[in-house]
Amino acid sequence: MIRLSDLALPLDHTPQQLDAAIAQRLGVAPQRILRSTMVRRGNDARKQGAIKLVYVFDVEVDDEAEVLARLDGDSHVRPAPDTAYRPPVVAPDGWAGGKEGERPVVIGAGPCGLLAALILAEMGLKPIIIERGTAVRERTKDTWALWRKHQLTPESNVQFGEGGAGTFSDGKLYSRIKDPRHLSRKVLTEFVKAGAPDDILYEAHPHIGTFRLVTMVISMRETIEALGGEYRFQTRVADFDIKDGALQGLHLVSTRDGAESYLPARHCILAPGHSSRDTFEVLHQRGVFMEAKPFAIGVRIEHPQSWVDKARYGACAGHPVLGAAAYAISHQASNGRAVYSFCMCPGGRVVAATSEEGRVVTNGMSQYSRAEFNANSGLVVTVDPGKDYPADPLAGIEFQRKWESLAFTAGGGDYCAPGQKVGDFLAGRASSGEFGAVKPSYQPGVKLTDLSACLPDYVLDAIREALPVFGRQIPMYDHPDVVMTGVETRTSSPLRITRGKDFQSLNTRGLYPAGEGAGYAGGILSAAVDGIKVAEALAVEVLK
């Protein structure tokens, strides 16, 4: 196969024009093309009056060597890479775990844990998956109870439960990670097998959406169980049995009835997500090496999706191929802080994402259709250990809790969120009365107030400086009626459980920190890829 990249055509081209463009670009007659597969489709909207679709194709021709030799030196025509996944090891037939505690354990059933468990199962290692939350169907009911009835279930919510935090998000599946082994292709392929739409295999910015993620997670669980994996829901790791620098087992407690148990475990993938604060505290008490890392905090900002579409696509706004427009913006503020959009959700809603009582946390979510009225994005500002809070590994958690608790109070103490209109925010006055042209989507509700009650001054100052800058880049971004809802604090883990080249903890053999919670990923795709890498390292160690 030949990989042909940077093939640009007008927005409304026909399939026949696309076929002709491929043949012309390769300099061959159309009949010489035996097969073509779309690898990527994006758009170039820099000229709104002439938006183009930009493609990457893998093409099979009848004399590949001749084409490659003739076009040698053209960086957009080269041999297609081999993206097939091949496991590094496979357990022998009948492998049942060897010695006690040799059967691998995966803590957490989010994207990282899910792919780690799948890879281990495919290699014949029959993993045990420990998930403190509920299975995804029950978890969905608990999550809606917070959104609609102000009722929080601390162990089953947007953060905890099967599928992880990514289940109640936009389901974005793109990342800037280096991926020389094309492990992201393995992730996307498995998602499609589980029911995700085929277009995630070629769209430049693929996404799934919450409803499809739910059914997909169930399908992948069934695959893992069919391969010998075992799920234990509503089971929390209460403590780690570590002796002489090596993991021996896990002390477990049921989140249903409090029953305690012990699981021998000498090889464990730790993928708990960035909100497993009690897990981090226990690991720190046991002396597992970890260090503070920077993250970001701020607000969710909402605009009518039609405003973003028009700003991005002009007269082509609403075109079915383009869909709902997204944006990514950043600004370096004069106080030294970076301000940037985070987890932008076109055609979605702002959701309640706390996992602890008496706190308010926001996040963004979209369905596959991205058809809801508003666009939303995190608008966040960098914070740093040693500068904004102590450099102790757990200090970032307490920093997050402080602002989440203040947001709970500012929102009225019933899980409603504090909000402020941009015009009032820029003028330094509290918002009150009615919403204007922008109606917030956060449930269970938004109370207009002053966000200065629940964010640090340096964050407020940086956002105030950035908003007019962003308004010049995206018309109406800083419209006075635009609504900001607080607070966005869980952009990433505030700590890293540092690991070595063998993917094991620096000072605890058998413990494999992984994914976003351990500080090694940010988003569904990068977490899933990290899960594959760590599962491979564990399997090699177990089967050596």
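At what angle do the axes of α4 and α6 cross, and within what distance do they come? The views below take up that pair and its surroundings. This is a predicted model, in which local features need pLDDT of at least 70, side-chain atom pairs count only at pLDDT 80 or more, and totals for chains, interfaces and linings use all residues. Residues are numbered from 1 along each chain as its sequence is written, and side-chain values use heavy atoms, with hydrogens and water left out.

**View A. Helix α4 meets helix α6.** The two axes cross at roughly 150° and come within 10 Å (axes are lines fitted to C-alpha atoms, for helices over the stretch in contact, and angles run from 0 to 180 degrees between N-to-C directions). That makes the pair roughly antiparallel (over 145 degrees; under 35 is roughly parallel, 65 to 115 roughly perpendicular, and the rest oblique). Look for Val136, Arg137 and Thr140 of α4 against Val214, Thr215, Ile218 and Arg221 of α6; contact means heavy atoms within 4.5 Å. By class, these residues are three nonpolar, two polar and two charged (Ala, Val, Leu, Ile, Met, Phe, Trp, Tyr, Cys and Pro count as nonpolar, Asp, Glu, Lys and Arg as charged, and the others, Gly among them, as polar).

**View B. Helix α3 packs with helix α6.** Here α3 (residues 111–122) and α6 (residues 210–226) have axes 9 Å apart at an angle of about 30°, and are therefore roughly parallel. Leu114, Leu115, Ala117, Leu118 and Ala121 of α3 touch Met220, Thr223 and Ile224 of α6. Seven of these residues are nonpolar, one is polar and none is charged.

**View C. Five strands form an open, parallel sheet.** The order is β7-β6-β5-β11-β22 (strands are DSSP E runs of at least two residues, helices H or I runs of at least four, numbered from the N terminus; two strands pair if DSSP finds at least two bridges between them). β7 (230–232) and β22 (511–513) are the edge strands, each with a single partner, so one side of each lacks a neighbour in the sheet. Between β6 (residues 128–130) and β7 there are three bridges, and isoleucine 128 stands opposite glutamate 230. Helix α12 (residues 524–543) packs on the sheet, touching β11 (268–270) and β22.

**View D. Arginine 181 forms a salt bridge with glutamate 536.** Their closest N and O atoms are 2.7 Å apart (a salt bridge is a side-chain nitrogen of Lys or Arg within 4 Å of a carboxyl oxygen of Asp or Glu). Arginine 181 lies in the loop between α4 (136–149) and α5 (183–193), while glutamate 536 belongs to α12, 355 residues apart. The structure holds 34 salt bridges.
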